[in-house]
Amino acid sequence: MELDSLYQEVILDHYKSPHHKGLSDQKDVQVHHKNPSCGDEVTLNLIMDGQTVKDVSWDGVGCSISMASVSVMSELIIGKSYEQALAIFDAFFELMQSKGQSSGDENLLEDGVAFAGVSKFPARIKCALLGWMAFKDASTQVME
């Protein structure tokens, strides 16, 4: 199976069976982000336990890229320290800014590397970053 095809399958799997979708009643903070260029939206609830990302729950509407990306992000950061979660965020953000020149660090980003091809399409980068930016916003509010 070709790598691009495999990556498309990963994205579709996360879109069809999203991880951590459904807003928890418990939260330290809730944020709502919208991509004005396409209308995609995500609401994200974050619970921190000291310096650890205890839980992320979310709900949203949008394209397969935005919804799959927030699913992957939530799976990657739950249980990580704030510092580790920010390192994962930074690695994904860097991947999205690579214009297709980077394949990402699979050890750090796991399924997140499936979005490497998205970085070739500037209009889709905001879709892939929607949930990630919501996490960055929420975690900054909690950790201030």
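Modeller: Angles under 35 degrees count as roughly parallel, over 145 as roughly antiparallel, 65 to 115 as roughly perpendicular and the rest as oblique. This is a predicted model, in which local features need pLDDT of at least 70 and side-chain atom pairs count only at pLDDT 80 or more, while totals for chains, interfaces and linings use all residues. Residues are numbered from 1 along each chain as its sequence is written, and side-chain values use heavy atoms, without hydrogens and water.

Biologist: At what angle do α3 and α5 pack?

Modeller: Two packed helices are described by the angle between their axes and the distance between the axes. Axes are lines fitted to C-alpha atoms, for helices over the stretch in contact, and angles run from 0 to 180 degrees between N-to-C directions. Helices are DSSP runs of H or I with at least four residues, numbered from the N terminus, and strands are runs of E with at least two. Here α3 and α5 pack at about 155°, and their axes are 11 Å apart. The two helices are therefore roughly antiparallel to each other.

Biologist: Which residues of α3 and α5 meet?

Modeller: Contact means heavy atoms within 4.5 Å. Among the residues that meet are Phe89, Phe92 and Phe93 in α3, and Ala128, Leu129 and Trp132 in α5.

Biologist: How many aromatic pairs are there?

Modeller: A pair of aromatic rings is described by the distance of the centres and the angle of the planes. Rings of Phe, Tyr and Trp (its six-membered ring) pair if their centres lie within 6.5 Å; planes under 30 degrees apart count as stacked, over 60 as edge-to-face and the rest as tilted. By this rule there are three aromatic pairs. One of them joins Phe92 and Phe115 edge-to-face, at 5.9 Å centre to centre and 75° between the planes. Phe92 lies in helix α3 and Phe115 in the loop between α4 and α5, 23 residues apart. The rings of Phe92 and Trp132 have centres 4.1 Å apart and planes at 5°, so this pair is stacked. Ring pairs link Phe92, Phe115 and Trp132 into a cluster.

Biologist: Is Ser69 buried or exposed?

Modeller: Buried means under 20% relative accessible area, exposed over 50%, and partly exposed in between (1.4 Å probe, protein chains only). Ser69 is found in helix α2 and is buried, because its relative accessible area is 1%. Leaving aside neighbours within four places in sequence, Ser69 is in contact with Phe92, Phe115, Ala128 and Trp132.
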